[in-house]
Amino acid sequence: MRRSCTSLRAIWTRAARGLLDCIVVDRTLVIIKPDGVERGLVGEILARFERKLLTIELAEMRHLERAVVERHYSEHVGKPFYEPTVEFMTSGPVMVVVLKGPLDTWKIVRSLVGVTNAADAAAGTIRGDFGIVTSRNLVHASDSAESALREIGIFFPHLA
Ligand code: ADP
Ligand code: MG
């Protein structure tokens, strides 16, 4: 069904021309974690999102401060993996990325990323193809529309 393009939030996407009529702009946050950066997988990972017709709105290499990671992972405070995860996320540079796409882009991105435990992640997903353990699963991706908004606000307040 043809979707109306009258909304301010609706745009034509050049990349999708011919495949989609128009899409509603939605954003989600991805972080290529220190293992992905160190292994030289940034290009490979970003290419997968681009091939899916998602747009890279912003991508910035950063060495994260502990306070930022603590805010980002606040839902996990007190869990056994919390401290090692915070330490790992501050151990080296990461690529923080805002992806743009249709409504519920976070869902599309999570399906490309695969499940948390890389050992269980399906072949064809980023974690399934490049990871083998949960603690080195290469990529963070927002898990809901609310998380996407919250997380983009942490890393890029001017976009929130
Ligand atoms: P996801 O990244 O798939 O949203 P969670 O939000 O549950 O997963 O966990 C956040 C991150 O914490 C995971 O990506 C992983 O790096 C780490 N983590 C989660 N569970 C474990 C675990 N059981 N052992 C080691 N690390 C974990
Ligand atoms: Mg999560």
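How many bridges join β3 to β5, and which way do the two strands run? I found 7 bridges between β3 and β5, and the strands run antiparallel. For my notes, strands (E, at least two residues) and helices (H or I, at least four residues) are DSSP runs numbered from the N terminus. Two strands pair if DSSP finds at least two bridges between them.

**Ground rules.** I am working on a predicted model, where local features need pLDDT of at least 70 and side-chain atom pairs count only at pLDDT 80 or more, while totals for chains, interfaces and linings use all residues. Residues are numbered from 1 along each chain as its sequence is written, and chains are lettered from A and ligands numbered from 1 in the order in which they are written.

**Overall layout.** I noted 7 helices and 6 strands in the protein. From the N terminus the elements go β-β-β-α-α-β-α-α-β-α-α-β-α. Of the 160 residues, 30% are buried. Buried means 20 or more other C-beta atoms within 10 Å of the residue's own, exposed means 12 or fewer, and partly exposed lies in between, with C-beta atoms placed from the backbone. I then looked at contacts, meaning pairs whose C-beta atoms, placed from the backbone, lie within 7 Å. Among contacts with a separation of 6 or more, 62% link residues 24 or more positions apart.

**The sheet.** I traced an open sheet of 4 strands in the order β4-β5-β3-β6, with antiparallel pairing. Its edge strands are β4 and β6, each pairing on one side only. From one strand to the next the twist averages 20 degrees. Helix α2 lies across β3, β4, β5 and β6, and runs at about 160 degrees to β4. Axes here are lines fitted to C-alpha atoms, for helices over the stretch in contact, and angles run from 0 to 180 degrees between N-to-C directions.

**The core.** I asked which residues have the most contacts inside the largest nonpolar core. They are V30, I32, V109 and V139, in a core of 29 residues. Such a core is a set of buried Ala, Val, Leu, Ile, Met, Phe, Trp, Tyr and Cys residues joined through C-beta atoms within 7 Å. Elements supplying at least two residues each include β3 (26-32), α2 (42-51) and α7 (145-155). The largest share, 6 residues, comes from β5. I zoomed in on V30, which stands opposite V97 in β5. Neighbours within four places in sequence aside, V30 is in contact with V97, L99, V109, V139, H140 and A141.

**Around ligand 1.** I listed F81, T85, T116, T134, S135, N137, H140 and D143 around ligand 1, taking residues whose C-beta atom, placed from the backbone, lies within 6 Å of it. By class that shell has 1 nonpolar, 6 polar and 1 charged residues. Nonpolar covers Ala, Val, Leu, Ile, Met, Phe, Trp, Tyr, Cys and Pro, charged covers Asp, Glu, Lys and Arg, and the others, Gly among them, are polar.

Most residues other than glycine have a negative phi. L53 has a positive phi of about 75 degrees, and sits in the loop between α2 and β4 (55-62). D104 also has a positive phi, near 60 degrees, in the loop between β5 and α5. Why does D104 count as partly exposed? I put that down to its 15 C-beta neighbours inside 10 Å.

How values were computed
Contact = placed C-beta atoms within 7 Å.
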